[in-house]
Amino acid sequence: FFSLGVDCAILPKIDNHEGLTVRKIGSLNFVYYASQSYLAQYGMPKSIEDIKNHRVMSFYLNHQGYVGNVDWHLKGENGEELLKPTMTINNALTTISAASEGYGMVMLPRGLNLLSALDFTEVLPDKISRTFDYFYAVRNDEPETPLLQEFYQCLMESEQEKNASSLQAKGR
């Protein structure tokens, strides 16, 4: 990224920290979501085993991303295939659109404002979930400009607001 003249990057994983200042911004917790229309037609899964009887969408089947297989929710602990997706879509917005139309359940980060606007419901959030950290990175060989410092501060304030809202929603 930085060889292309990029001033900063926001990434889920940074393997080589050499020459970079890397700061953790926060974490995203991914869970299954389904639309109300999907749940009305197919019902709410009651267990992990019950997910096998539901329509599950994937992003990239067997694709290794920055944080490993992006369709980890289709695999068991030992990497064995547990679920076959009913639909594979390699575009996040299209996946969300298909899920909102009731085509199946989708794995998305918890707390996206878009999800409540689409009337999505979490499915088995305490049984099937995974948390990924994400980071802000800048080059060490360039001074961090006031604009980049302000951008980082906005990211951190947004993360703090998200965390505060999450705690309020949980009644803490």
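V106 sits in strand β7, strands here being DSSP runs (E, at least two residues) numbered from the N terminus. The model is a predicted one, where local features need pLDDT of at least 70, side-chain atom pairs count only at pLDDT 80 or more, and totals for chains, interfaces and linings use all residues. Residues are numbered from 1 along each chain as its sequence is written, and side-chain values use heavy atoms, with hydrogens and water left out.

With a relative accessible area of 3%, V106 is buried (under 20% is buried, over 50% exposed and anything in between partly exposed, using a 1.4 Å probe and protein chains only). Setting aside neighbours within four places in sequence, V106 is in contact with V31, Y32, Y33, M57, T95, A99 and F120, where contact means heavy atoms within 4.5 Å. Although V106 and Y33 are 73 residues apart along the chain, their C-alpha atoms are separated by 5.4 Å.

Now for the rest of β7, which covers residues 106-109. V106 and L108 point one way while M107 and P109 point the other, and all are buried. In a regular strand, side chains alternate between the two faces of the sheet.

Strand β2 (residues 20-35) runs antiparallel to β7, and four bridges join them; strands pair if DSSP finds at least two bridges between them. One such link ties F30 to P109, its bridge partner in β7.

N29 also belongs to β2, and it counts as buried because its relative accessibility is 16%. Beyond four places in sequence, N29 touches residues including L108, P109 and R110, as well as T131. The side chains of N29 and T131 make a polar contact at 2.9 Å, meaning a pair of N or O atoms within 3.5 Å; within protein, one must be able to donate a hydrogen and the other to accept it, and residues adjacent in sequence count only if both atoms are side-chain atoms.
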